[in-house]
Each structure stands twice: as C-alpha cells, then as structure tokens.
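User: Got a model here I'd like to go through. Can we start with pockets, then move on to the helices?
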Amino acid sequence: MESRAKAMGHGIHPILIVFPLGLLATSVIFDILYLITDRTGFQISAAYTIGAGIIGGLVAAVFGLIDWRAIPAGTRAKRVGAAHGLGNVVVLVLFAVSWLLRRSEENWDPNALALICSFAGIVLAGVTGWLGGELVERLGVSVSDEAGVNAPSSLSRRSAGRPRARGV
C-alpha cells in the first residue's frame with residue numbers, strides 16, 4: 001500500500017523517523033560518555049537530545065498512525081504495524097520517564113533509573129526499527145498499492161528474497 005501522508009511524492013513518516021531515532025540514540029551516547037568521563041555537559045546534552053527526540057517521535061507517530069490506519073484489516077502488515085507503533089509508544093514513554101527523572105536534578109544529572117530507562121528505550125527502539133523495516137522492505141507498506149501485505153517474515157525460511165507485487 002502506498003503511504004497516505006505524503007510530501008512531494010514521498011511518505012512523511014519514513015522521512016521523519018530518522019530524527020527521533022538519531023536524537024534518542026545520541027542521548028544514550030552522551031550518557032555513556034558522561035559515565036566514562038564524569039564531565040559536566042554530557043548529561044545536559046543527553047537531556048536536551050531526549051527532549052527533542054520525544055517531540056520528533058510524537059510528530060512522526062501522527063503520520064505513522066495515518067499510514068497504519070490505511071493498511072487492510074486482518075493482514076500481517078496490520079499486526080506488524082501495530083506492534084511497531086505500540087512498541088514505539090513504549091520507547092517514548094521510557095525516554096520521557098528518563099527525562100523527567102533528570103529534570104529535577106542539578107545539571108540534569110541522571111540517576112540509575114533514568115539511565116536504565118534510556119538504555120532499555122534504545123534497545124526497544126532497535127526492535128521497533130526492525131519491525132518498521134519489515135513493514136517497508138518485506139511487506140511493501142508505504143511502497144506500492146500492490147504490496148504483499150501478507151508476505152511471510154523476512155526471518156522465515158519461506159522468504160527467499162522480496163515478494164513480488166501482485167500482477168507482476
């Protein structure tokens with residue numbers, strides 16, 4: 001199925017997701033650098049990138065929801081899309097909790113729970129990112145109205161290459 005929310009012929013959701021993913025991953029890198037060096041500044045940078053990543057994730061989610069609603073009901077793509085979207089809601093909640101825990105501290109100093117939330121969030125973002133890739137690369141969502149919305153998983157043995165579109 002073709003993306004329903006487009007700008008200049010391209011799906012908006014796939015364009016936008018690079019920003020929150022990059023920002024949230026960068027915040028984890030700043031946290032690691034802070035833990036290694038104990039230098040003030042890294043934890044402040046992590047907090048600001050988390051905030052920007054959450055805002056970007058909320059904006060990207062709006063367009064992802066628009067596209068998800070257009071996927072035919074009862075298809076594997078609908079189920080994978082639901083897992084992708086709900087997983088990303090959990091990612092944003094984990095990072096929001098991390099941000100809130102830092103907010104009340106001097107210099108946005110993260111406590112152990114804030115770090116655990118961020119690290120768990122980035123691991124889950126890797127899983128949900130893979131699910132998003134499965135939607136586009138394997139199931140053809142946001143690619144063509146003739147996508148294979150019931151194609152098997154790219155991890156299954158039945159998946160020798162990308163499925164052919166109907167009528168090709």
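User: How much space lies in the largest pocket?
Analyst: About 930 Å³. Keep in mind that this is a predicted model.

User: Which residues lie nearest the centre of that largest pocket?
Analyst: His13, Ile17, His84, Gly85 and Asn88. The elements giving two or more residues to it are α1 (12-16), α2 (18-37), α3 (42-69), α4 (76-103) and α5 (112-138).

User: Which element gives the most to the lining?
Analyst: α4, with 10 residues.

User: And how do the lining residues divide into nonpolar, polar and charged?
Analyst: 22 are nonpolar, 12 are polar and one is charged.

User: Okay, step back. What pattern does the chain follow along the sequence?
Analyst: β-β-α-α-α-α-α. That is two strands and five helices.

User: How much of the chain counts as buried?
Analyst: 37% of its 168 residues.

User: What share of the contacts with a separation of 6 or more comes from residues 24 or more positions apart?
Analyst: 66% of them.

User: Now α2. How far apart are its end C-alpha atoms?
Analyst: 28 Å. At 1.5 Å a residue, its 20 residues should span 28 Å, so the two values agree.

User: Which residues of α2 are buried?
Analyst: Pro20, Leu24, Ser27, Val28, Asp31 and Tyr34. Looking down the axis of α2, these buried residues fall within an arc of 120°, so they line one face of the helix.

User: What do those buried residues of α2 pack against?
Analyst: They pack against α1, α3, α4 and α5.

User: Which exposed residues does the face of α2 turned away from the buried side carry?
Analyst: Phe19 and Ile36.

User: Where is aspartate 38?
Analyst: In the loop between α2 and α3, just after α2.

User: Is aspartate 38 buried or exposed?
Analyst: Exposed. The relative accessible area of aspartate 38 is 57%, and the cut-off for exposed is over 50%.

User: What about asparagine 107, what is its phi?
Analyst: Phi of asparagine 107 is near 60°, again positive in a residue other than glycine. Asparagine 107 is in the loop between α4 and α5.

User: How does asparagine 107 count on accessibility?
Analyst: Partly exposed, at 35% relative accessibility.

Note on methods
Residues numbered from 1 in each chain as written. Predicted model: local features only at pLDDT ≥ 70, side-chain atom pairs only at ≥ 80, totals over all residues. Heavy atoms only, no water. 1 Å grid on protein atoms, 1.4 Å probe; cavity = no way out; pocket = protein on both sides within 12 Å on 5 of 7 lines; lining within 4 Å. Points joined across faces, edges and corners; volume = space filled by probe spheres on them. Helix = DSSP H or I, 4+ residues; strand = E, 2+ residues; numbered from the N terminus. Nonpolar A, V, L, I, M, F, W, Y, C, P; charged D, E, K, R; others polar. Expected span 1.5 Å × (residues − 1). Buried < 20%, exposed > 50% of the residue type's maximum accessible area, 1.4 Å probe, protein only. Arc of directions from axis to C-beta. Contact = heavy atoms within 4.5 Å.
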